[in-house]
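This report goes through a few elements of one protein model. Read it with the structure in view.

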Amino acid sequence: MLLTIQRRRNGRDNRESREGGASAVEAALVAPLFLLFIFAIIEFGVFLFNANSVTNASRAGVRASSTWAAGPLADFNILRAANRSLGSLAANLDAVIIFKGDSPAASVPSACVAAILTTSRGIADSCNIYRANDLRTLNESDFGWSDLNTPLENAGKWDTAWPATKRVEEVTGTISPDWVGVYVQANHKSFSGVVPSRKIRRTSVAQIEPQRAG
């Protein structure tokens, strides 16, 4: 009888050992898939957060452009508003382009986007280009190009290509205020590969608040 009991115990132990081994194998197979799923959720959440930050930066910038109109510090205030919305993503910024539009559906000029890869400050009478380092070192003294300034006063100004002081803000006859676009381009850097590294681009356009000619 004791022998029978011992055999039963040995059989149960062997069965439990086999079941434990099978569970370990199953866990080893499932764990990577589970971790991949978790990383995918996290990565996709980070991507959506970054995309939302770029969208908000573009919108905040264009709201500032409408308010600051043709003031000499318009671009400074546009960039400051965009920078606040970008937050930590500002470190992965390619550029903020402030461009001259012609309607609410205006697109950033392709020449301006291509110039991001150069050291160009912009395209004459079309756009101003600002990069990540510019946003880190924003200073009012770098803005405010004007025909009323001396060449020495205008030297080194960042907004030379399309000066805010040349933007139309008054309604005179058939002439309406300028449309100002704010294009923001930044990088989403993947840490898991689930959502590949990619560029995030957003554009917002608004018309300068009309002022009646005096």
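Phe-99 stands opposite Gly-181 in strand β5. The model is predicted, so local features need pLDDT of at least 70 and side-chain atom pairs count only at pLDDT 80 or more, while totals for chains, interfaces and linings use all residues. Residues are numbered from 1 along each chain as its sequence is written, and side-chain values use heavy atoms, leaving out hydrogens and water.

Strand β1 (residues 93-101) pairs with β5 in the antiparallel sense over eight bridges; pairing requires that DSSP finds at least two bridges between two strands. β5 is also joined to strand β6 (residues 198-207) by ten bridges, again antiparallel. Here Ala-186 stands opposite Ile-200 in β6. Nine of the ten residues of β5 (residues 179-188) are buried, so the strand is largely enclosed by the rest of the structure. Buried means under 20% relative accessible area (1.4 Å probe, protein chains only). Strands are DSSP runs of E with at least two residues, and helices are runs of H or I with at least four, numbered from the N terminus.

## Helix α2

Helix α2 (residues 74-86) has 13 residues and reaches 19 Å from its first C-alpha to its last, close to the expected 18 Å. The expected span is 1.5 Å times one less than the number of residues. Buried residues in α2 include Phe-76, Ile-78, Leu-79 and Leu-86. Gly-87 follows α2, and its phi is positive, near 60°.

Note on methods:
Buried means under 20% relative accessible area, exposed over 50%, partly exposed in between (1.4 Å probe, protein chains only).
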